[in-house]
Amino acid sequence: MAKDNKGQGKFKTWWTGLKSEFSKIIWLNRKTVIKQTVIVIVVTIIVGVLITIIDFYSQLGLKQIVSKAMAQDATTAAAEQAQPASQQAVQETVAKAQKATKAKKADNKKADTKTKTTKKAN
């Protein structure tokens with residue numbers, strides 16, 4: 001039972017200390033509290049609007065950057081697609097030239113064969 005009395009004494013001391021600390025608090029009057037509350041609300045709204053404006057314009061700028069990058073990628077892709085097409089055209093031209101060369105050689109061989117046959121006949 002001695003322990004219970006000791007616990008109550010601590011609580012009583014704590015409570016009296018708490019009451020004395022609360023008595024030291026200087027409470028603001030109603031008019032001051034209303035003024036400060038209005039100031040906090042106004043400043044909060046202004047900061048919110050500023051953040052919204054900054055966010056809007058940063059998104060707009062980011063969209064422009066991305067669209068320019070996409071356009072540049074599209075241009076690069078078109079150029080890359082055009083390159084293989086031109087390379088293919090070059091390869092086709094080379095193949096045609098090789099066929100033409102082979103055809104000329106074949107014609108020359110036929111002409112040589114005819115010439116030899118004609119010479120033999122004479």
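**Close-up views of a predicted model**

**View 1. Lys 105 in helix 2.** Lys 105 is found in helix 2, which covers residues 30-121. This is a predicted model. Lys 105 counts as exposed, because its relative accessibility is 54% and the cut-off for exposed is over 50%. Lys 105 also belongs to a positive surface patch.

**View 2. A nonpolar patch on the surface.** Seven side chains are shown here: Ile 41, Ile 45, Val 49, Ile 53, Phe 56, Tyr 57 and Leu 60. Together they have about 680 Å² of accessible area. Ile 45, one of the patch residues, lies in helix 2. Ile 45 counts as exposed, at 52% relative accessibility.

**View 3. The salt bridge between Glu 21 and Lys 24.** The closest N and O atoms of Glu 21 and Lys 24 are 3.5 Å apart. That is within the 4 Å limit, so the pair counts as a salt bridge. The count for the model comes to 1 salt bridge. Both residues sit in helix 1 (residues 2-24). They are 3 residues apart, so about one helical turn separates them. Glu 21 is partly exposed, at 46% relative accessibility. Lys 24 is exposed, with a relative accessible area of 59%.

**View 4. The whole chain.** The chain has 2 helices and 0 strands. Of its 122 residues, 0% are buried. The accessible surface comes to about 11,800 Å². Carbon and sulfur atoms account for 65% of that surface.

Technical notes. Residues are numbered from 1 along each chain as its sequence is written. This is a predicted model: local features need pLDDT of at least 70, side-chain atom pairs count only at pLDDT 80 or more; totals for chains, interfaces and linings use all residues. Side-chain values use heavy atoms; hydrogens and water are left out. Patches are made of residues with over 30% relative accessible area and no salt bridge: like charges are joined within 9 Å, nonpolar side chains (Val, Leu, Ile, Met, Phe, Trp, Tyr) within 5 Å. Accessible areas come from the Shrake-Rupley method with a 1.4 Å probe; for residues, only the protein chains shown count as cover. Lys and Arg count as positive and Asp and Glu as negative; His and the chain ends are not counted. The place of a charge is taken as NZ of Lys, CZ of Arg, CG of Asp or CD of Glu. Helices (H or I, at least four residues) and strands (E, at least two) are DSSP runs, numbered from the N terminus. Buried means under 20% relative accessible area, exposed over 50%, partly exposed in between (1.4 Å probe, protein chains only).
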